[in-house]
Amino acid sequence: MRRAKIPFIQPELLSNRLYVNIIFIGFAAFSTHFAALFSLPLLLAELYNKQSLEIGFVIFPGALLSAASALFVGRIIDRFGNNMTMIVGNSFLVISSLLFFLLVNYGSISIMGIYVVMSVGFFTLTTSLSNELSRILPAHQIGSGLGLHQLSTLFGVGFGVSIAGLFITRLEHLPSLKYTNTFLFFFVLMLLSCIALFYYVIQAKKRETP
């Protein structure tokens, strides 16, 4: 990193606190969303005896609405700004993680509805994060900054699935508790993401104030 003329991971990126906060928020969002996407089929099969087709129908509305939200998320960002959409998306992920923790034993319909909230929140947050990075980084750091952000999200996917798998295998003898503990963990992770986002919004406003 320090010897290369133009390293892929530029050291000054890691000293930019606003950038590091964005990286953590994206990491937490991808971890939480893909942990849920990994856990839900196992949960529906084990607790509700759902077959593959039925599991697909439970998850499909969330995926569909997430894709459909692409039609209006950009307009919302243009109208209300990145900060507002980041707060809304992060809030949806926090709320859905908490609802999964509280209501995972209350039927597949509730799981379907909660996953819709999570999917829309995930797409809204991740879209606004990428948009915000391109805004706050200098032109010569945008390529490296977005590349590192993408790398961190892939680490987030692996982290989320690994942690969910760990809870599910270690608590195999407790069918219900292993899933609630999984979502409790990611609820706490999203709360930390909220703190990072709160810090980011405050610091970003200070920088913009002349």
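Helix 3 passes helix 6 in a right-handed crossing, a crossing being right-handed if the near helix is turned clockwise from the far one by less than a right angle, and left-handed if anticlockwise. This is a predicted model, in which local features need pLDDT of at least 70 and side-chain atom pairs count only at pLDDT 80 or more, while totals for chains, interfaces and linings use all residues. Residues are numbered from 1 along each chain as its sequence is written, and side-chain values use heavy atoms, with hydrogens and water left out.

The axes of helix 3 (residues 52-68) and helix 6 (residues 108-136) come within 8 Å and cross at roughly 25 degrees. That angle makes helix 3 roughly parallel to helix 6, where angles under 35 degrees count as roughly parallel, over 145 as roughly antiparallel, 65 to 115 as roughly perpendicular and the rest as oblique. The axes are lines fitted to C-alpha atoms, for helices over the stretch in contact, with angles from 0 to 180 degrees between N-to-C directions; the helices themselves are DSSP runs (H or I, at least four residues), numbered from the N terminus. Within helix 3 lies Phe57, which counts as exposed at 54% relative accessibility (buried means under 20% relative accessible area, exposed over 50%, and partly exposed in between, with a 1.4 Å probe and protein chains only). Between Phe57 and Thr180 there are 22 Å in space, C-alpha to C-alpha, and the two are 123 residues apart in sequence.

Helix 6 also meets helix 7 (residues 142-170), the two axes coming within 9 Å and crossing at roughly 155 degrees. Helix 6 and helix 7 are therefore roughly antiparallel to each other, and their crossing is right-handed. Helix 6 contains Thr126, which counts as buried at 14% relative accessibility; the C-alpha atom of Thr126 is separated by 9.6 Å from that of Thr85, 41 residues apart along the chain.

Side chains of opposite charge can pair when their charged atoms come close. The structure holds two salt bridges, each defined as a side-chain nitrogen of Lys or Arg within 4 Å of a carboxyl oxygen of Asp or Glu. In one of them, Glu46 pairs with Lys178, the closest N and O atoms being 3.1 Å apart. This pair links distant parts of the chain, since Glu46 belongs to helix 2 (residues 17-48) and Lys178 to helix 8 (residues 177-208), 132 residues apart. Glu46 is partly exposed, with a relative accessible area of 34%, whereas Lys178 is buried, with 3%. The salt bridge between the side chains of Glu132 and Arg135 spans 2.7 Å, N to O, and both residues lie in helix 6, three residues apart, about one turn of the helix. Glu132 counts as buried at 1% relative accessibility, while Arg135 is partly exposed, with a relative accessible area of 45%.

On the surface, Leu71, Phe72, Ile76, Phe80, Met84, Val88 and Phe92 form a nonpolar patch with about 650 Å² of accessible area together. Patches are made of residues with over 30% relative accessible area and no salt bridge, nonpolar side chains (Val, Leu, Ile, Met, Phe, Trp, Tyr) being joined within 5 Å and like charges within 9 Å. Helix 4 (70-80) and helix 5 (82-103) each supply at least two residues of the nonpolar patch, with helix 4 giving the most, four residues. Phe72, in helix 4, is partly exposed, with a relative accessible area of 40%.

Methods. Areas by Shrake-Rupley, 256 points an atom, 1.4 Å probe, with all protein chains shown as cover.
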